[in-house]
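This report describes selected features of one protein model in plain terms. Please keep the sequence and the structure in view while reading.

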Amino acid sequence: MNYIVLDLEWNQSNTGREPEVKELPFEVIDVGAIRMDEDGRMIGEFNQLVKPQVYQNMHRITSRIIHLHMQDLLRGQPFPEVMKEFLEFCGEDYLLCTWGTMDIGEFQRNMKFFGMDTFSDGPLKFLDVQKLFSIAFEDGKSRRSLEYAIDFLKIEKDIPFHRAFSDAYYTGKVFALIPKETRVYYSFDTYVVPQSKEEEVFAEFPTYMKYISREFGDRHSAMEDKEVSSTRCYLCNKNLRKKIRWFSTNSGKHYYAAAECPVHGPMKFKARVRKAETGGVYIVKTSKFIPEEKLKELGERRAEMVKKKKEKRKGQS
Ligand SMILES: [Zn+2]
């Protein structure tokens, strides 16, 4: 399998000069990628400018950061042609790798805008090298800049930063230094959300499990769904009785619950409510084992939230 380390630069509307096109807030203008083999050797390069079709003025921030001007872009090719070449470059069997989580979603939005098929018709598996760097060398939660990772790993800065190709090149250099076993922590791009129960995603990782639901009308109907609200031990696949029932924080963006597996111990469930492209919501639920004392902490948090809600209701009446 090939690893395609990808980076994009995009342009956006200049307020006042060009109105924003709602279906395409970010127009891809520069596509850079490195093809790598299983052992992290660089075996191919892709570097293409895109001739813009939507925004004809360069946003001042874009040109300042990436040193690209409209004259340069006019030498590029239209997006569908660049994309066709890019897909050929990727080959049959490949996995996309990017620094952070933004690029693939925006890439797919551009594909859809220009009438092309997206990479997949459901959540797309990819490697977020920024996350892998954190898991391999830091706490797994922090998210560092690409420059930080370059310095941390003492990678030589032999070409200038902030063009799609150079950032893909440096991301590839970082990727090559991340132990192979870290690659099991893949991510999903959810530009395309599961549309049916059959398409929902269940992904097991060494220390947790991730579930991506199909699309629902709103968060309340989502949280009433049997699968979404279930608290299952992913090791023995048993549905567990809740010790702490679902409660929401962060104005309904996050929900938490807890249960205890008689064999494997206490578990915490976190459901994040995410907006789907098509207007509804979907749920990303993670399940993981936690120490007993964390169970108590979560219980206290729930009690506090319930109390707050009651006070709020009293205040309204
Ligand atoms: Zn169990």
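## Helix H3 and the sheet

The cover over the buried residues of helix H3 includes strand E2 (26–36), strand E3 and helix H4 (102–113). The model is predicted, so local features need pLDDT of at least 70 and side-chain atom pairs count only at pLDDT 80 or more, while totals for chains, interfaces and linings use all residues. Residues are numbered from 1 along each chain as its sequence is written.

Helices (H or I, at least four residues) and strands (E, at least two) are DSSP runs, numbered from the N terminus. A residue is buried if 20 or more other C-beta atoms lie within 10 Å of its own, exposed if 12 or fewer, and partly exposed in between, with C-beta atoms placed from the backbone.

| Residues of H3 | State |
|---|---|
| Phe79, Val82, Met83 | buried |
| Lys84, Glu88 | exposed |

Seen down the axis of H3, the buried residues fall within an arc of 100 degrees (taken from the directions from the helix axis to the C-beta atoms), so they line one face of the helix. Lys84 and Glu88 lie on the face turned away from that buried side. After H3 comes Gly91, with a positive phi near 85 degrees.

The open sheet has six strands in the order E3-E2-E1-E4-E5-E6, with mixed pairing; two strands pair if DSSP finds at least two bridges between them. Strands E3 (42–49) and E6 (187–189) stand at the edges with a single partner strand each, so one side of each has no neighbour in the sheet. Strand E5 (residues 124–128) pairs with E6 in the antiparallel sense over three bridges, and Lys125 stands opposite Phe188 in E6.

Terms used:
Contact = placed C-beta atoms within 7 Å.
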